Amino acid sequence: SKYAALKQLDCKVSDGVVEITGTVPSFYLKQLAQAAIMQLDGVGSVRNLVAVSGESPVVMAKSCV
């Protein structure tokens with residue numbers, strides 16, 4: 001990936017299930033990581049345990065209103 005934050009994530013694979021852990025600065029990057037993993041051959045499902053270090057969606061939604 002061209003995103004440095006995604007290169008810092010850890011992945012473990014067991015029976016076609018990929019578990020992603022680590023921290024990214026946005027929910028967009030969390031979803032991007034999951035989408036990238038799902039494109040790989042042999043992946044049955046993704047357990048996305050990535051934490052987001054930026055603002056929560058509730059705080060962001062309130063600031064946009």
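**View 1. Ser1 and its contacts in the predicted model.** Apart from residues up to four places away in sequence, Ser1 touches Leu6 and Lys7, where contact means heavy atoms within 4.5 Å. Ser1 belongs to the segment before α1 (4–7); helices (H or I, at least four residues) and strands (E, at least two) are DSSP runs, numbered from the N terminus. With a relative accessible area of 57%, Ser1 is exposed, on a scale in which buried means under 20% relative accessible area, exposed over 50%, and partly exposed in between (1.4 Å probe, protein chains only). A separation of 9.6 Å is found between the C-alpha atoms of Ser1 and Leu32, which are 31 residues apart along the chain. Residues are numbered from 1 along each chain as its sequence is written, and side-chain values use heavy atoms, with hydrogens and water left out. Since the model is predicted, local features need pLDDT of at least 70 and side-chain atom pairs count only at pLDDT 80 or more, whereas totals for chains, interfaces and linings use all residues.

**View 2. The chain as a whole.** Three helices and five strands are present in the chain, and along the sequence they follow the pattern α-β-β-β-α-β-β-α. The chain has 65 residues, of which 22% count as buried, and it exposes about 4,700 Å², with carbon and sulfur atoms supplying 56% of that area (Shrake-Rupley method, 1.4 Å probe). Of the contacts between residues at least 6 apart in sequence, 58% join residues at least 24 apart.

View 3. Three strands, in the order β1-β2-β4, form an open sheet with mixed pairing, two strands being paired if DSSP finds at least two bridges between them. β1 (10–14) and β4 (45–48) are the edge strands, each pairing on one side only. Neighbouring strands of this sheet are turned by 20 degrees against each other on average, direction ignored; axes are lines fitted to C-alpha atoms, for helices over the stretch in contact, and angles run from 0 to 180 degrees between N-to-C directions. The antiparallel strands β1 and β2 are joined by five bridges, and Asp10 stands opposite Thr21 in β2. Helix α2 packs on the sheet, where it touches β1, β2 and β4, and its direction makes about 155 degrees with that of β4.

**View 4. The largest nonpolar core.** This core has 11 residues in all, among them Leu6, Val18, Ile20, Ile37, Val43 and Val46; a nonpolar core is a set of buried Ala, Val, Leu, Ile, Met, Phe, Trp, Tyr and Cys residues joined through side-chain atoms within 4.5 Å. At least two residues of the core come from each of β2 (17–21) and α2 (27–38), and α2 gives the most, with three residues. Beyond its neighbours within four places in sequence, Val18 is in contact with residues including Cys11, Val13, Ile37, Val43 and Val46.

**View 5. Asn48 and its polar contacts.** Asn48 lies in strand β4 and counts as buried, at 17% relative accessibility. Its side chain makes a polar contact with the side chain of Gln34 (3.1 Å), and a polar atom of the Asn48 side chain lies 3.3 Å from the backbone oxygen of Lys30. A polar contact is a pair of N or O atoms within 3.5 Å; within protein, one must be able to donate a hydrogen and the other to accept it, and residues adjacent in sequence count only if both atoms are side-chain atoms. Leaving aside neighbours within four places in sequence, Asn48 is in contact with Ile20, Lys30 and Gln34.
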